[in-house]
Each structure stands twice: as C-alpha cells, then as structure tokens.
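Student: Hi! I'm new to this one, could you walk me through it?
Tutor: Happy to, let's look at it together.
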Amino acid sequence: MTLIKQEDFISSIHQALQYIACYHSPDFLAALHHAWQHEESDAAKDAIGQILINSYLCAQGQRPLCQDTGIVVSFIKVGMDVRWDSSLSLQELVDEGVRRAYGDLNNPLRASIVSDPAGGRINTRDNTPSVVHVELVPGNQVDINISAKGGGSENKAKLAMLEPSDSIVDWVLETVPTMGAGWCPPGVLGIGIGGTAEKAVLLAKQSLFAPIDIQALKARGPSNKAEGLRLDLYEKVNRLGIGAQGLGGLTTVLDVKILDTATHATSLPVAMIPNCAATRHVHFTLDGSGPAVLPVPKLEDWPQIALDASTPSRKVNLDILKKQDIASWQPGEKLLLSGKLLTGRDAAHKRIVDLIAQGKPMPDGLDFTNRFIYYVGPVNAVRDEAIGPAGPTTATRMDRFTDVMLSKTDLLGMIGKAERGDDTINLIKQHQSAYLIAIGGAAYLISQAIKSARIVAFPDLGMEAIYEFVVEDMPVTVAVDSKGHSVHSTGPAEWRAKIANIPVIVE
Ligand SMILES: O=C(O)C[C@H](O)C(=O)O
C-alpha cells in the first residue's frame, strides 16, 4: 500500500506548472527547430524564429512562454493500492497546486479563469478551478499528465459526428482552414476517433500528451492504420500552406496525434484539438517517496537562432502618427513601433461598447484618439520588468467591436494576432486604418520592447484591464493595410500554390 502525502502531491502540481510555463519540452523544441530550418517562407521563418528565441529567453529568465498561461487540465490515474494522507478531494488537491503555481511570487502566472462563464465572467484571480480527469487503475502509483492549455488553441476544438463511411481525412482538411490562425500554428493536432461524442473529445485531448515523433515515424514507416493516417494528415495539412501564424508557409503542423477506440456501428465520432506554439504538458508519477522531481533542461540544448535582418524594418513613432502615414504601409511590411499604445481585449471592449451605446463618457483618462490598441492581457511584472510576458491575443474575437471602435472613438488602428473577418477588413479600408500583428507565442520577447506600463481603466478586470504601454522598437507586421489587403489571405494562397509544386521529401 502506497501512502501519498498531501504536501507531496500539491507541491508536485505547483512545480510541474511552473516548469511547463517556462520550458518547452525537448521534442517540441526539436520539431520547431526542424520546421525553422526547412521553412522557405520569409514571414513564417521569422515567426518561428521569434518563437524559438522567446523559448530560450523564457528558459533563461524563468518566465512564461506565453502571456496566456492557460487553463490547467490534468489526467490522473490513481492506483487501487494507493492511500491518501489528506482530507481534501483530488480536485481540491490539484487546485491548491494550481493556486500556489499561479501565485508564485518568483514567477507569477496569469490568472485567466472566469467563473459564471455565461453571465458575469468574474476572474477567480488564482486560475482555479482546474479541469481534473480521474481514472482508477490497478497498481500502487499515481500517474499524472498535466497541461496548461492556451485559450486561443482550445477555442478551435472541433467535434464531428461523421457517418461510418465518411472520410476523416476530408473532414480534417475541410476543418483546419476554418480554424484560422488563432491557435498559433505551427503546433500539434490531437485527434480522437470513436467512442461517443465526449469520449472522442477526451481522446483528442489525451493524444496531445504523447511526444512529437512524426519525423521518426516518417523514417520507419507506419506499422498500423492509425500511424498511416497520422502521416497522411501530416503531409496533407501542411500542404494547405497555412504556415506559422497563418502567414503562409511549409509547416502548419509539427505532428498529428491520434487515439482511437471502439464505437457504435452507426457512428464515427471525430474530435480535433490543436496545441499551440506554447505547448505545455508534462508527465510524472508519485510512488509515496516524495514530490516529483523534474529534470532541469540545459540552456545549451536550445538552438541558437538569428533572425534575418536583411530587410530593414520601418520605424514608426506612435505619438505623432496620422492616417496619412498609415496609407504608405505595405501588407507584410515589418514595423518597429515606439511610443504610447493602449491595450484592451474582450472584456474591456465589451465595456467600452456598452458605455458608448448608453451615451456615457469614457472612464477618466481614457482617450483612443489617434491611438493604436494592442489586444493583450499581460502577465504581471516581477523584479525590474515594466510588465511580464505580453503577446497578442486573437484579434478575430474583437471583430464584433471594431465598427464602434473605429467610428466612435477615433482609434487609428489595432495590433493582435490571427486573421480578421471580411467585414472587419472592409471597415479597416473604409476608415483607412490598419491591423498589425505581433507573434503569438513570442510573449516574453515582445515584453522586452515594453518600457513602461500603467493601468488606465477597468482595474477590476485583472489582466483584461486597459493599460497604457510605452514601447520602444516593438516588432510588428502589417497584416491588413489601409487598402484592405490581408496577408492572412494572400500568404496561405501563395504558399498552397507553391507547395503543390514542391515534391514531398521523406528524410
Ligand atoms: O488569452 C490570451 O492572452 C491569448 C489567447 O490564448 C488567444 O490565443 O487568443
């Protein structure tokens, strides 16, 4: 009989969450580096390069890879011969570990969880509750797979109840383009097949815990149908040309994982869940001998990346920027922004738009006139930082507010990540505005350009408050120019056509 002590369990969860917040796993790093080495699209290569540099900086500085430090999801197998030295439930034990990890003063993580999701959406401030799945199994150990899942990638989860003779490959190839770039490709697709609706979704999520091994599988060849399907999907999804950050390129997925189980004769449930560029998960077991000890990675194991600086970026002074300056920006052009930015994301936009609809004034000190807004919910600062990791959130969610923001607040433009909808692109054109992107998954790197930060409005919203940032040479790319050209349309179209003529190389 194994006895698991409460403190060992809680501190293992705490340490595991801190660990995955700062370190990419070696398999993910190797796959990303492989993608970077083989990428031929300049924009995609630059994006992957920024994610790799960010990864190194986070490992070195012990800071989160992404400002979205995720919702905690654990799959826990409890051996039937295990006893617990605790009066707490397993959910309470995990949540106490989450609370300690997210409130860790050395490296606080962002609290992103809101209660009352269909109503008040109040931030719980400690990132609890987490999602806990438990299985009782023979044995005397506790086996834990834990992840911190980013909201942008989780939002793109899909479930289809296909008919038995439908093609899973066709469904995946039709569905991946509808997911846009908000899931921060390149990442991993987890696919669950069979069972019932909820079982397929669980399998998809669990499949993402397996290490990335597609290059080894390519080299040795498939030994069963599921492996054959993985290879087929890996090649075909990458041939869609979506590329890193949806900018068009050779690598959209680093691997495709599949788990399957038996299903009803009438059914073919299929679920697909992507993991983003900040893929975070770790596995450990507890056997009663103490807390988990995770291997500290060596900084020498990170690839040394130099970004291509052959095309100089245009320097932009945000403090004197006018509409006529924006008119000369080209789609895909790289800019270095300096000056003042306002931030704001989902909850703040909702409040602003509601205030305007009610004819009420903006909060004191908040004025969007001739400003750019950066869609971001940053991590709190530690030590001498102006702000913690502060990468972009998915701009597409802000589309519904853009008409009011551009027509009623004199906002000049927006910064985020991923594509904008057609209506929003038309609004950008109509207002001679622009939409810029920063790289999702490069949050700590981006935060180095933020020299000061202060809250301007809605402090009760936590990370969703409106800040004013003063930035210096913040790297961004013009994603929609003032004439309505979108690189998220042109990039993938260009690379899909190019890939059609590039032979598949099996190394
Ligand atoms: O919440 C965030 O900061 C980002 C979110 O995960 C997103 O990708 O949209």
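Student: Which residues does UniProt list for "domain: Fe-S hydro-lyase tartrate dehydratase beta-type catalytic"?
Tutor: UniProt lists residues 288-490, in an unreviewed entry; such annotations may be inferred rather than shown by experiment. Residues are numbered from 1 along each chain as its sequence is written. This is a predicted model: local features need pLDDT of at least 70, side-chain atom pairs count only at pLDDT 80 or more, and totals for chains, interfaces and linings use all residues.
Student: OK, and how far apart are the end C-alpha atoms of residues 288-490?
Tutor: They lie 56 Å apart, and the span is 22% helix and 23% strand. Helices (H or I, at least four residues) and strands (E, at least two) are DSSP runs, numbered from the N terminus.
Student: Where does UniProt place the alpha-type catalytic domain?
Tutor: The unreviewed entry has "domain: Fe-S hydro-lyase tartrate dehydratase alpha-type catalytic" at residues 12-284. The end C-alpha atoms of that span are 9 Å apart, with 37% helix and 25% strand.
Student: New topic: which residues surround the ligand?
Tutor: Among them are Gln67, Asp68, Gly150, Thr393 and Gly440. Being near here takes a C-beta atom, placed from the backbone, within 6 Å.
Student: How many polar and charged residues does that shell have?
Tutor: The shell around the ligand has 9 polar residues, 1 charged and no nonpolar ones. Ala, Val, Leu, Ile, Met, Phe, Trp, Tyr, Cys and Pro count as nonpolar, Asp, Glu, Lys and Arg as charged, and the others, Gly among them, as polar.
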